[in-house]
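Student: Can we go through the side-chain packing in this one? I'd like to start with the rings.

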Amino acid sequence: MLPRRYIRGGSLALAAVAATVVISGNQAVFPFGKSPWMSWFGEPGPSNDRDISLAPMPTSLTLHLVPHSHSDIGWNLSFEGYYRRSVHQVMRRVVSELWLDPRRRFTWGDLAFIDMWFSDEGDTPHGGMLRGASATLTWRQAVQRLVVEGRWEIVSGTYVSPDEGMTTWWAHNAIVDVGHRFLANELNATSEIGWQIDNFGHINTMPYLLGNTGYSSMVLGRMAYRQLRDFADSSSLQFLWQRDSVTPALLTHFLSVHYAAPSPSFDFDNTERCNPAELLEELMGFARSQVRQYPGHGHILVMMGDDFRYVHAQRGFSCLDKIVDLSEARSAEDGISVRYSTPSEYFASVRPHLDMASLRLHGDDFYPYQDKPYEQYWSGVLATRADLKWLIRDTEQIVQHVEALLTVMRIREHTSGVTRDWEPLERRLEDCRKQVAIGYHHDAITGTCAAVAAADYKLRLRRAARQALGVGRAALLFMREPLAEAKGDAYNTAAQYELGEDADNLAREYVVAAGNDNSITVTNAAALAPQDAVVRVQLASLDSEIVDSATDQAMPADVVGGAGGKPIVEFLARDVPALGLRSYSVRKGERIAERIISQGATAQLRKGDTHVDLRIVNGRIRVSIGSTAVVWHSLRQYFANPLVQASGAYIMHSFMLMYMTVFAVFGGALVLGLGISSAVHYSGATWTRRALVPRLRHGKPTWWSSPASIVAGSLCGVTFTYYVAQVADVEMLTA
């Protein structure tokens, strides 16, 4: 029992209030649910019965188990690293397990891994993993048969799962086109189900694009926190998504929980335990918790997988078989049946029970993504790894340009009567489109991948850029010299490579534009009007000049760098005709003036008497107004701390809310520490009296001046403040 004078002092009550506020409010540290006062910070408060319009509980439930393996193209490992470590085994073992039982199903998203697998061993025998009449099938033939029979479903139909917010319209179309061509050519199949379960938010470009290319349904996985509460509280997590009245509306299913299995008990790659009765009970509890968030048809989509799962496919399917068998025996008693399924089979089961006219119609985005309370928007992805973002856009422009150039050349061939075999060039250009698609994966352009994956993305993009330029060069030479082999170089105006080294200290390769050692061809196949373009070329020496072949006039040029004694120069190609070209030649002439760009150069902006300077000094940008430096910012690459997701690569926090949280946590922890130490002191323990050594005023202890109290509270406050600072991950220093 505490003395009454301590209780009257109010320190215990104050400590209790502080602890309640800190623990219940700061969900970034203690995820114990949302507090009623969260609405003060712009978040929806807890729902009440008057706010909820849930569908009635159906009399029977059908659980559709959807085994799947979500395989990112490159995240902590590179594309090929993931393939060698796990995806290759998943492919082989899943095919073998599906062959053993016709009830079993499997769902796969991105096609890039299947493309790599088919290139690696698609035409090789299966090595005895299949038996009976299938013993002579290759892996490609086995997958083709499973796809035709509906046991292995390819969803999405895109080559990769792109980030929706930063992917251009051309790239969105290219990713769909490349995927559908691969499906048609390799598996004689198509896809009508969109599958965007890990994208960092969704934009209404997708229903517009997919609705106009034959898709009927979509599965989404990441919705902003506020929207999720709104949709779930009205049983609207199945809805119609339509950008405008002209575009077909897609029946969209949103996953109310992560795309992983309902609990770790179903993670068969990491557990050997399988108790069908317990797992069935767990599934039924999960189904009951989910059913009222959707229209009242009683069909529940249960994701049964996670990232790179089914390496141990035999273990997983064997346990799921037992669960399905047990469910069939108990379905009459429980009113719940469990079956294997695919997204297509699930939507086919749901549609007859839906009143489409009564479904919620949504026409807006689900972007930016916010997965937790407070302003925890995934906006860091818009700024992380700016060099990789630039390289993706640059390579895309090159591929676009060469694509248009190749089309123009084929049209001219048709009118000239000269016949060429364009198929090899088309195959090479298709491979370039695939590499650009990989660059737009939701862990690539967002910058959320590890350094090894980012380096692999860059290498692929640079190779794609060189290969695309080679295709454009060959197309030009085909038309210039119909009877000669393609040789020499032709410059593409889209290929504006930077000099030097990028942020990861990987040497860039720039375009050497010296066709047949003395000619340069500048093309304009990506615009419908004449264009000016800055062209960068490498010359044999400075004693050269670049001459316009049409006018025989020397072009002004500046030296911007060099390597191996060979200068890099820039000149302006003016009025390159639409869907045409302009030629230049290199010959000996007056020495070109040198203009070397140094790392410490300053860019200056002026307006009246005010000027703003931007200077790169030792790898940092210095911004100053006049002689006063206002901010320094490090040119470092942000990447998520594995212990703190909100370390910059994914999430940028609201500064105001961050500072409020810092002070609330620090102050609350300090008061809590003081209150606890005061309670210990008043309890009368002899050792605490000696340890705390309180000062006396008028014969009474002053608990706020206890050294141990101050130290304990301060340590708590500093610890939590440091945690929140790690969450913010900002570096802004005044000079």
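Student: Which ring does the charged end of Arg243 sit over?

Tutor: The charged end of Arg243 sits over the ring of Tyr208, 5.1 Å from its centre. The rule for a charge over a ring is NZ of Lys or CZ of Arg within 6 Å of the ring centre and within 35 degrees of the ring normal. This is a predicted model: local features need pLDDT of at least 70, side-chain atom pairs count only at pLDDT 80 or more, and totals for chains, interfaces and linings use all residues. Residues are numbered from 1 along each chain as its sequence is written, and side-chain values use heavy atoms, with hydrogens and water left out.

Student: And what about Arg360, which face does it lie over?

Tutor: Arg360 lies over the face of Phe231, at 3.9 Å from the ring centre.

Student: OK, ring on ring now. How many aromatic pairs are there?

Tutor: The structure holds 21 aromatic pairs. Rings of Phe, Tyr and Trp (its six-membered ring) pair if their centres lie within 6.5 Å; planes under 30 degrees apart count as stacked, over 60 as edge-to-face and the rest as tilted. Tyr82 and Phe308 are a stacked pair, because their ring centres are 4.1 Å apart and their planes are at 15 degrees.

Student: Where do Tyr82 and Phe308 lie?

Tutor: Tyr82 is in helix H3 (residues 79-100), and Phe308 is in the loop between strand E8 (299-307) and helix H10 (313-334), so the pair ties together parts 226 residues apart in sequence. Helices (H or I, at least four residues) and strands (E, at least two) are DSSP runs, numbered from the N terminus.

Student: Are those two buried or exposed?

Tutor: Tyr82 and Phe308 are both buried. Buried means under 20% relative accessible area, exposed over 50%, and partly exposed in between (1.4 Å probe, protein chains only).

Student: Which residues form the aromatic cluster?

Tutor: Phe106, Trp108, Trp152, Tyr310, Phe317 and Tyr340 form one.

Student: Switching topic: how many residues has the largest nonpolar core?

Tutor: That core has 106 residues, and those with the most contacts inside it include Phe106, Trp108 and Trp152. A nonpolar core is a set of buried Ala, Val, Leu, Ile, Met, Phe, Trp, Tyr and Cys residues joined through side-chain atoms within 4.5 Å. Its largest share, 13 residues, comes from helix H14 (residues 451-480).

Student: Last one: why does Ala437 count as buried?

Tutor: Because its relative accessibility is 2%. Ala437 lies in helix H13 (residues 423-439).
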